[in-house]
Amino acid sequence: MSDAAPLVPPAFTTFIAFDFGLKRTGVAVGNRLMRTAQPQGSIHAEGNARFEGVAAKLKEWQPDAIVIGVPYHPDGAPHENTARAKKFGRQLQGRFGLQVFEVDERYSTTEAIASGAKDADAAAAAIILDQFLRSLP
């Protein structure tokens with residue numbers, strides 16, 4: 001992954017982020033103007049059932065784009081969940097027609113747990129989205 005700022009159209013102001021997990025997917029929303037993200041709970045579903053929860057969140061928030069966290073080993077090497085998260089991003093783009101941006105999410109869940117978050121997955125999604133929003137010009 002590059003440290004360069006993603007090419008995000010200026011018209012994109014509202015974003016929804018997902019911290020993908022096999023059993024739970026954290027959700028956060030944020031906007032470009034405030035440059036902050038707020039946790040919005042987690043989707044407790046697996047497989048295709050997960051997309052029903054995603055669809056409900058997209059309908060509720062009407063984001064301009066989606067941000068997903070993509071995990072890597074500490075040394076930057078990909079692993080099993082790297083491929084799963086990337087596949088999830090492709091599925092989101094295909095199903096919902098929104099642009100998907102990837103963020104390196106190393107340590108986001110660890111940071112969320114360390115901060116005492118009640119819903120670590122949603123807090124991790126907010127950390128991922130905060131990182132993305134800070135990268136925007």
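Glu46 is partly exposed in this predicted model, with a relative accessibility of 47%. Its partner in a salt bridge is Lys23, with 3.8 Å between the closest N and O atoms. Because Lys23 belongs to the loop between strand S1 (14-19) and strand S2 (25-31), and Glu46 to the loop between strand S3 (36-43) and H1, the pair ties together parts that are 23 residues apart in sequence. Lys23 is exposed, at a relative accessible area of 54%.

In total, 5 salt bridges are found in the whole structure. Another of them joins Asp121 to Arg24, the closest N and O atoms lying 2.6 Å apart. This pair links distant parts of the chain, 97 residues apart: Asp121 is in helix H4 (residues 120-135) and Arg24 in the loop between S1 and S2. Asp121 is buried at 12% relative accessibility, whereas Arg24 is partly exposed at 37%. A salt bridge is also formed by the side chains of Arg106 and Asp104, at 2.4 Å from N to O. Here Arg106 is partly exposed, with 30% relative accessibility, and Asp104 is buried, with 17%.

Aromatic pairs number 5. One of these is the tilted pair of Phe51 and Phe88, with 5.9 Å centre to centre and 35° between the planes. Phe51 lies in helix H1 (residues 49-61) and Phe88 in helix H2 (residues 80-96), so that the pair links distant parts of the chain, 37 residues apart. Both Phe51 and Phe88 are buried.

Key
Residues numbered from 1 in each chain as written. Predicted model: local features only at pLDDT ≥ 70, side-chain atom pairs only at ≥ 80, totals over all residues. Heavy atoms only, no water. Phe/Tyr/Trp six-rings, centres within 6.5 Å; stacked < 30°, edge-to-face > 60°. Helix = DSSP H or I, 4+ residues; strand = E, 2+ residues; numbered from the N terminus. Buried < 20%, exposed > 50% of the residue type's maximum accessible area, 1.4 Å probe, protein only. Salt bridge = Lys/Arg side-chain N within 4 Å of Asp/Glu carboxyl O.
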